[in-house]
Amino acid sequence: MRETVPPFREPTLKGDYRRPDPDAHAGPHEPGLDCTPAASCVEPDQPDGADGADGGARELVLTFSGAWDVASIGRMTARLLHRCAEVGNACAVPGDAPVVHLDLAEVSRLDTAGAQLLCRSAASMAAAGAHVVWHVPDHGQSMLLDRVRAIDISAVPRARRVSPVLGALNAIGASIVEELEQVRSIIGFLGMFLVSLAAAVARPWRLRWVSIVHHMEQTGIQAVPIVALLTFLIGLVTAYMGSEQFTRFGAQVFVVNLIEVSTLRELGVLLTALIVAGRSGSSFTAQIGAMVANEEVDAMRSMGLDPMEVLVIPRVVALVLMLPVLTFIADFMGVLGGGIASWLSLGISPGAFAVRFLEITRLANFVTGLVKAPFFALIIGIVGCFQGFRVTGSAESVGRLTTQAVVESIFLVIVANAGFAILFMSLGV
Amino acid sequence: MTGTPIISLRGIANRFGTVTVHENLDLDVRPGEVLGLIGGSGSGKSVLLRTILGLRRPQAGEVRVLGVDITHSDEAARRAVRRQWGVLFQDGALFSSLSVIENIKVPLREFTNLPPDAMDDVAALKLRMVGLAPEAALKYPSELSGGMRKRAGLARALVMDPAVVFLDEPTAGLDPIGAAAFDALIADLRDALGLTVVMITHDLDSLYAVCDRVAVLAEKRIYAVGTIQELLRVDHPWLREYFTGPRGRVAAGVSGPAGRDAHAGQTPAQGR
C-alpha cells in the first residue's frame with residue numbers, strides 16, 4: 001500500500017547557505033508526524049527580519065518527503081502555495097535574488113499530480129524572481145517532472161464560476177431564447193407536416209395504412225382501460241363533491257347539470273388529452289429519438305425515404321383519429337360515474353338520472369368537447385415527434401427530451417383549451 | 001519486468017447457462033508490462049475483463065489484483081483496489097451529462113481532497129497528456145468524435161495515476177493514423193508513469209507496436225502467453241491464421257525491424 005501521509009519538512013529561510021543534507025533527516029519518517037511543523041526545525045524568518053538583513057545570498061531549502069501523489073497532496077497544496085507566497089515576498093525585498101532548493105531525495109512516491117504541483121510551485125517562485133534549484137536523485141522522478149513541465153495546460157479553458165445571481169439570470173435568459181427558438185422551429189415542423197400531409201391526402205394510396213392502424217391500436221385501443229377508469233373516477237368524485245354542496249340548497253337534482261357540463265364540455269376531453277400526452281406523446285419522442293440516436297433516421301433518409309412520411313404522419317393521423325373516440329369513451333364513463341355517485345349518495349335512481357340527463361343536455365356541450373379533441377391530438381403528436389427529432393447522439397438527451405415533450409404538450413393542451421373556452425364563449429355556444 | 005505478478009488469475013471458470021466460456025483459466029500479468037489479450041470473436045475476452053474487474057463473479061477460481069482477492073474479499077478491500085486501476089471501456093463510457101473536463105474530474109472529486117483549482121490543473125494535465133486539444137475540455141461527449149471519446153475516457157482512467165490500466169479495444173474504430181498515435185500514447189504513458197497495461201485488442205499493429213507480451217484466449221483458456229516471436233512458434237490453427245494471414249503478414253512487415261528492411265527492398269519491385 002502507498003503511504004497515505006506525505007511528511008513535509010518545514011522549510012527554512014536563513015541568511016547562510018545550506019545544502020540539503022540527507023543526514024540531517026536521517027531515520028525513517030513516521031508517517032503523520034512530519035505533517036505538523038517539527039519543533040526541531042528552524043521556523044522561517046520573515047524576509048525583512050534580522051536574518052534577512054545579513055546580506056549575501058538568501059537561501060531556502062524545501063525538503064519534500066513521503067508520498068506526493070494525487071491521493072495525499074490535497075492537504076499539502078495550501079502549505080506549499082503559502083511557501084511560494086513567502087518566496088514572492090522575499091523577492092520583493094531589494095537585494096540578491098533568493099535561491100530556493102527543492103530537495104526530493106526523500107520522496108517515496110511521486111505521480112503526475114504531485115509532479116504538477118511541484119512544477120507549478122517552482123514556476124511561480126521562478127516567476128517571482130527566485131532562483132530555483134532542483135535536487136532530484138531519482139531518475140524516474142526527474143523524467144516525470146520533465147514530462148509534466150513540458151505539457152502546457154494554460155490553453156485549457158476553465159469552466160467559469162459565476163455568482164449564483166448571475167448564473168440564475170443567465171439560465172433564465174438562455175431558456176427564454178431556447179423557448180423562442182423552439183417555438184419557431186416547431187411552427188416550421190408543423191408546416192412541413194401539413195405539406196407532407198397534403199401531399200399524402202392527394203394520393204391516399206401513398207398513406208401507410210398498416211402503420212396508421214398499428215399506431216391507432218397503440219395510442220387508442222390500448223389507452224381505453226386507463227382513460228375509462230380515470231374518467232369514471234373523476235365523474236364519481238365530481239358528483240359526490242357536487243351533491244354535498246347542492247344538498248345545502250336543497251337542489252340535489254342539479255348534480256346532473258354539473259356532471260353534464262363539466263364532463264362533456266371540459267373534463268372528458270381534457271383528461272383524455274393529458275393521459276394521452278403522458279402515454280403516447282412521450283412514446284413518440286422516445287421511439288423517434290432512439291431511432292435518431294441509432295442513426296436509423298439517417299439510414300432512412302439515405303435510402304430516399306421521408307421520415308416525415310414514414311414516422312410522423314402515421315403517428316399524428318392515428319392520434320387525430322383516435323383521440324375523439326377516446327374522448328367519447330371518457331364522456332360516457334364520466335357520466336356513468338356521476339350517475340352511480342348520484343344514485344349512491346342522493347338516491348337519484350338510474351332511471352330518473354337518465355330522464356333528467358336527456359332533458360337538460362344540450363348537444364352543443366357534447367360537440368364543443370368533442371371538437372377540441374383532434375386539435376389536442378395534433379398538438380400532442382406534433383410536439384412528441386418534433387422533440388424526438390431534436391435528439392442528438394446521447395442516450396441522455398432521449399430522456400431529457402421525452403420529459404420536455406410531455407411537459408410541453410400538456411402545457412400547450414391546457415393553453416389551447418383556454419383559447420377554445422374564450423372562442424366558444426364569444427361565439428355564444 | 002519480473003517480480004510478483006500484479007494480476008493473477010487461477011482456475012477461472014465462467015459459464016452462461018450450459019455454455020462454458022472459460023474453464024480452468026490461468027493468467028499472470030507482470031508489473032510494468034503491456035499485455036495484449038487476443039482471441040477470436042466470442043472467445044470471451046470481454047467476459048474475462050469483466051471478471052478481472054469484479055463486475056462478474058466467476059463460477060470458480062480466484063482473481064488477485066495488487067495482492068487482493070477480488071472475488072472473495074469484502075467490498076471495502078475491493079473499493080481500495082478499484083481506486084488503483086483505471087478502465088477504458090470500448091466507447092469511452094463517458095458520463096453524457098458531464099463535459100469532458102468534468103468527466104475527468106469525477107474520480108478526483110470522489111476520492112481526493114484537492115482544492116478545486118488543483119483539480120482543474122490535474123484534469124487539464126491529463127487532458128493534454130492524452131493528446132486532446134484544449135478546446136475539447138468544455139465539450140460534451142455527444143459533441144466528440146469516437147477517437148476523442150476514447151482519449152477522454154483514457155484521461156479519466158488515468159487521472160488517479162493508477163498502477164494498472166485496462167483497455168478494451170482501444171484502437172477499434174480509429175483510423176490507422178489515430179490508432180498509431182494511440183499506440184504511441186500508451187507506450188509513452190507506460191514509460192512515463194510506470195503503468196501496467198492490459199489491453200484487449202484485435203489490432204495486429206497495436207500488438208506489434210506496444211505489447212510486451214500477448215496472451216491468447218482459445219479453447220476456453222489462455223492457450224499461450226509470450227512475445228509475438230514466441231507465439232509464432234506455437235502450433236495452433238487459429239494462431240497460425242491470425243499471425244500469418246494477409247493482415248498479420250502486413251503488420252509484421254511494417255513493424256518488425258527485419259520486416260522494415262524487407263519492405264524497403266520490395267518497394268522498387270512494386271514500382272516496376
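Let's start with the sheet in chain B: six strands form an open sheet in the order 6-7-8-3-9-10, with mixed pairing. Here, strands are DSSP runs of E with at least two residues, helices are runs of H or I with at least four, and both are numbered from the N terminus. Two strands count as paired if DSSP finds at least two bridges between them. At the edges sit strand 6 (85-88) and strand 10 (221-226) of chain B, each pairing on one side only. From one strand to the next, the twist averages 15°, with angles running from 0 to 180 degrees between N-to-C directions of axes, which are lines fitted to C-alpha atoms.

Inside that sheet, strand 3 (residues 34-39) and strand 8 (residues 196-200) of chain B run parallel and are joined by four bridges. B:Val34 stands opposite B:Val197 of strand 8.

A quick word on the source: this is a predicted model, where local features need pLDDT of at least 70, side-chain atom pairs count only at pLDDT 80 or more, and totals for chains, interfaces and linings use all residues. Residues are numbered from 1 along each chain as its sequence is written, chains are lettered from A in the order in which they are written, and side-chain values use heavy atoms, leaving out hydrogens and water.

Now for the place where the chains meet. Chain A puts 29 residues into the contact and chain B puts in 32 residues, contact meaning heavy atoms within 4.5 Å. Together they bury about 2600 Å², and carbon and sulfur atoms give 62% of that. (Buried area is the accessible area, taken with a 1.4 Å probe, that two parts lose on being put together, summed over both.) A:Val70, A:Thr112 and A:Arg147 supply 20% of the area that chain A buries against chain B, more than any other three residues.

Which salt bridges cross the interface? The rule finds two, where a salt bridge is a side-chain nitrogen of Lys or Arg within 4 Å of a carboxyl oxygen of Asp or Glu:

| Residue in chain A | Residue in chain B | N to O distance |
|---|---|---|
| A:Arg120 | B:Asp121 | 2.3 Å |
| A:Arg158 | B:Asp121 | 3.0 Å |

A:Arg158 lies in the loop between helix 3 and helix 4 (164-202) of chain A, while B:Asp121 is in helix 4 (residues 116-129) of chain B, so the pair joins two chains. Over all chains, the structure holds 18 salt bridges.
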